[in-house]
Structure formats: structure tokens, C-alpha cells
Amino acid sequence: MQADITVDTKGMACPMPIVKAKKALDNLEPGQIMEVVSTDKGSVNDFQAWVKQTNHELVHYVEENGVFTFYVKKQ
Amino acid sequence: MNATTGLTKMTSHELARIVFHHKELFILDVRNETEFSDWKIEGKGIEIINIPYFDLIDGVDSALDKIPENKPLLVVCAKEGSSVFVAEQIVEAGRTNVSYLEGGMKAWSEHLEPVKVGDLKDGGSLYQFVRIGKGCLSYMVLSNGEAAVVDTLRMTDVFEQFAREKNVKIAHTIDTHLHADHISGGRQLAAKEGATYWLPPKDATEVTFSYESLEDGKEIEVGKSKINIQPVYSPGHTIGSTSLIVDDQYLLTGDILFITSIGRPDLAGKAEDWVGDLRTTLYTRFKELSNDLIVLPAHFGKVTELGEGGKVAARLGDLYQDNPGLNITDEAEFRRTVTENLPPQPNAYQEIRQTNMGKINPSEEEQREMEIGPNRCAVHDQ
């Protein structure tokens, strides 16, 4: 999937993955896609809850060998 | 206190004392809504609200309106990081008396607080270990340099350390039944301490290890003066469930009888088969025992069950008056109560049973995840 910006939070623990992702998303235009890469299993549920609550769209989510990748479309 | 931020760390032990002694505390839980609604810190003096940390990234003004200024504030999250992130902002906004929970809900879930239940006739004593975050209870009987641990929880180091402090050797570990809501530490603790591990044989038909049979007629002795632990077969939660009479004073009921509820018969998939056993245990077998026995269960369902100093205990005769599960005269209604509309089953209960049988050997992190959430072993835990 083509992303307009990639946020690498590998190795970071809660709350940093979402803090970084939010700052990046704030700079995007509506309709653009953000890719977030994380190794923090604990933030996965938080990430999904955050996207839902902020009315953005989680378009794709994959987990591979403990690396979580989220694609979020800004509303 | 951290000099640069004015933020204080609170340990699970300190929080447990606040809950036990009904002290006032305002808690801001910054986990996501799903985790918060599944389980949270409870207590008589506790007021708690939930605002996920991801709503507070740009500032905490929206939270400040909801936090009273005249109460101590504790910020909690799953592990710790997000609570520090939020609490620091609250301190920067000028609030005082702010702390965060060390290790977060993960540490709270695993914290065990020892509470003395009483003295035994020969100078020994009985302690209850309250796993307050999950509602689980273990026991240690101490007498003349020896100890027996009953329904040992997974955090075996707590029992080892306590035994060292009290200068006793752990000689026995006893499980009243094959647990389905938490991973037993009984076998591991016995192996480490050179103790004997006891388990009811009817719950042990599939286990992969050797054990001593916990059955009626056997007596377990602790210490030179022989504090007597007498097994009482009391099936219904599981087919093997066995209660223990300690020192003719205490009745350790495992998951058969709680303070405000009774055990559920369905966690091994045999609710229909075991209802009759549950009924006989509660309405016949226990009725033949002395009303003055003090019932000590392996769980509590609500934090309101914590009595003086955090102790969970009640006289058997009083439970026959007050416990709704002991006051269903109609057998058909009893059958319905214990088989229909039961609360959800505990998280990962099948895997937990397999682990306790020795069939699977999950890592410590996997075991921790399996135990997430409330215990839900009683009929009335909603």
C-alpha cells in the first residue's frame, strides 16, 4: 500500500507510538494515508481505539514477526 | 518524589493499603475504554474515571475539569509509560498530590498482599494472600517452623519471601481443585522448596506430573505440634473440588463457596453433570459441619467483600443466612441459577486448565496474558 508518510516507532513503548502518529497525522491533508510501524504489542488495541474515536479510517493492518503495520486514512 | 516534576510514584502495595483501609483516592485511568470496562481498580474510598491517554496528547485541560483538586490523584495505565506521560502534564498544569502507579495495571494484577487471618491453637498462624487486582486468594498455614500453602498463585516468589521472613520451611502446597481462572504456582513452589504437592485425584486424571492425593481421611500436618489440615470432598465446581478444615477453626472452600456467591459448575464443560454434586456439597455436606467454622474462599467477587484490614472471611452459619447461593430451596431453580445466564467464562480458561495439568508450558509473558481480566469463578459475578 502506498503511504504519504511513514512513522517508524519500532522499539518505542506506550505512549510514544500514538504520540508520534498523531503528530504526523496532524500534518497530513484529508484523504492522505499514513503508515505506522510499531513493535509495541500493548499499543495495538489503543491504536485501533484511537483511530476509531478520531473518525479516521484504519484501511489496513498487518502483523508480521512481531511488527505491526497500520495504514490510516485521514478524514 | 521526583524533584523536577513533583510527581510521586505509588506502588501496588501502597495502593492495596489505601483500598483495604478505605482511604480516599481519585483515579484517572488512561487505558482504552475496552480495557477499562473489562476491569479496573475498585475500593470503597476510590472514585475513578476513564480518559484514554490518546485523548490527552495535545493537553490535559479536558481532564482537569473532571479531577477534583482536594483529593489525592493517581494516574494509571496498562504498564506505566502513558500514566507518567499524562501525570507529568497534570503536574505541569499546577496540580499537587499527583502520583502514577508503578508498573501499571500489569503490576496491580499480580500484586499479592498478605493479611493475617488469625492465630492457631498451638501458637501458629494463618495468613490470607489477597490478589486484589484479580480477586484471587491464597493461604499460608504456619506452625513451628513449617508452612503449608493453599491454592498457591503463580507469583511463587511472594510465598518464598514471606516464608523466609517468618523463618518457616514450606513443607506442603495444596490445590483445592484444578484451577481454570489462574495458573497454579503450587507445583512450581513445591519443586523449588522440596515440598509435597497435593491435588484431588479426580481433578488430576489428565495431569502429566506426580502428586500426592488430596482425599478424605488423609491428614496433612504442619509443624511439630501437628496443625491438622483435614480434606473434605466437596465436588461441584470441579468433580475433584476438596475443601480443607484447618485447626478445627477454618474451612478453606476453594471455589465451591464464596462470601456472596457459590462456585459455577461449567468451567470444565460439565455443568449439567455437576449441578447435583454442587447442590449436595452446599446443601448437605457443609450443613453437617460446625456453623462456627470461618469460611475462607479462594476468590472474592466484589471489593465490598473485603472486611477488616482487607480480610475476606465469614462464619459458615452466617453464610447460610446471607449468601443467596445457599438459600435456593427449589432444586429446579437452583439448577437454572447455576447453569443458565452465567457470567462470561474467565479469559483463556481452557488454556489455563491445560497449563495446570502440565500439558502445555507457556512462557511467563504468555501466562501473564492468559490471566488478564477478572476471575469469574462464581455464579453471581456479573
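**A sheet and its surroundings**

Mentor: Start with helix 6 (residues 156–165) of chain B, which lies across strand 6, strand 7, strand 8, strand 9 (146–150) and strand 10 (169–174) of chain B. Helix 6 runs at about 25° to strand 8 of chain B. Keep in mind that this is a predicted model.

Now the sheet itself. It is an open sheet of seven strands in chain B, in the order 6-7-8-9-10-11-12. Its pairing is mixed. Strand 6 (113–119) and strand 12 (212–213) of chain B are the edge strands, each pairing on one side only. Strands of a sheet pair through backbone hydrogen bonds, either parallel or antiparallel. Take one pair here: strand 7 (residues 125–131) and strand 8 (residues 136–143) of chain B are antiparallel, with seven bridges. To place yourself in that pair, find Tyr127(B); its bridge partner in strand 8 of chain B is Met140(B). Helix 1 (residues 12–20) of chain B also packs on the sheet. This helix touches strand 6 and strand 7 of chain B, and its direction makes about 50° with that of strand 6.

Move on to the charged pairs. Over all chains, the count comes to 24 salt bridges. One of them joins Lys71(B) and Glu47(B), whose closest N and O atoms are 2.9 Å apart. This pair links distant parts of the chain, 24 residues apart. Lys71(B) sits in the loop between helix 3 (61–64) and strand 4 (73–76) of chain B, while Glu47(B) belongs to strand 3 (residues 46–50) of chain B.

Next, chain A. Its sheet is open too, with four strands in the order 1-2-4-3 and mixed pairing. Strand 1 (5–9) and strand 3 (57–64) of chain A form the edges; each pairs on one side only. On average, neighbouring strands of this sheet are turned by 15° against each other, direction ignored. Strand 3 pairs with strand 4 (residues 67–73) of chain A in the antiparallel sense, over seven bridges. Within that pairing, Glu57(A) has Lys73(A) of strand 4 as its bridge partner.

Two helices of chain A belong in this picture. Helix 1 (residues 16–26) of chain A lies across strand 1, strand 2 (33–38) and strand 4 of chain A, at about 165° to strand 1. Helix 2 (residues 43–53) of chain A packs on the sheet and touches strand 2, strand 3 and strand 4 of chain A. The direction of helix 2 makes about 170° with that of strand 3 of chain A.

Check two loops here. Pro15(A) is in the loop between strand 1 and helix 1 of chain A. A cis peptide bond joins Cys14(A) to Pro15(A), with omega about 10°. Asn55(A) is in the loop between helix 2 and strand 3 of chain A. Phi of Asn55(A) is near 65°, a positive value in a residue other than glycine.

Now bring the chains together. In contact are 13 residues of chain A and 14 residues of chain B. The size of an interface is often given as the accessible area lost when the parts come together. Here chain A and chain B bury about 1200 Å² between them, 54% of it on carbon and sulfur atoms. On the chain A side, Pro15(A), Lys22(A) and Gln53(A) lose the most area to chain B, together 36% of what that side buries.

Two salt bridges cross it. Lys41(A) forms a salt bridge with Glu369(B), the closest N and O atoms being 3.2 Å apart. Five residue pairs are in polar contact between chain A and chain B. Helix 1 and helix 2 of chain A each supply at least two residues of the side that touches chain B. Helix 2 of chain A gives the largest share of that side, five residues. By class, the side of chain A that touches chain B has six nonpolar, two polar and five charged residues.

Note on methods
Residues are numbered from 1 along each chain as its sequence is written. Chains are lettered from A and ligands numbered from 1 in the order in which they are written. This is a predicted model: local features need pLDDT of at least 70, side-chain atom pairs count only at pLDDT 80 or more; totals for chains, interfaces and linings use all residues. Side-chain values use heavy atoms; hydrogens and water are left out. Two strands pair if DSSP finds at least two bridges between them. Axes are lines fitted to C-alpha atoms, for helices over the stretch in contact, and angles run from 0 to 180 degrees between N-to-C directions. Contact means heavy atoms within 4.5 Å. Buried area is the accessible area (1.4 Å probe) that two parts lose on being put together, summed over both. A salt bridge is a side-chain nitrogen of Lys or Arg within 4 Å of a carboxyl oxygen of Asp or Glu. A polar contact is a pair of N or O atoms within 3.5 Å; within protein, one must be able to donate a hydrogen and the other to accept it, and residues adjacent in sequence count only if both atoms are side-chain atoms. Ala, Val, Leu, Ile, Met, Phe, Trp, Tyr, Cys and Pro count as nonpolar, Asp, Glu, Lys and Arg as charged, and the others, Gly among them, as polar.
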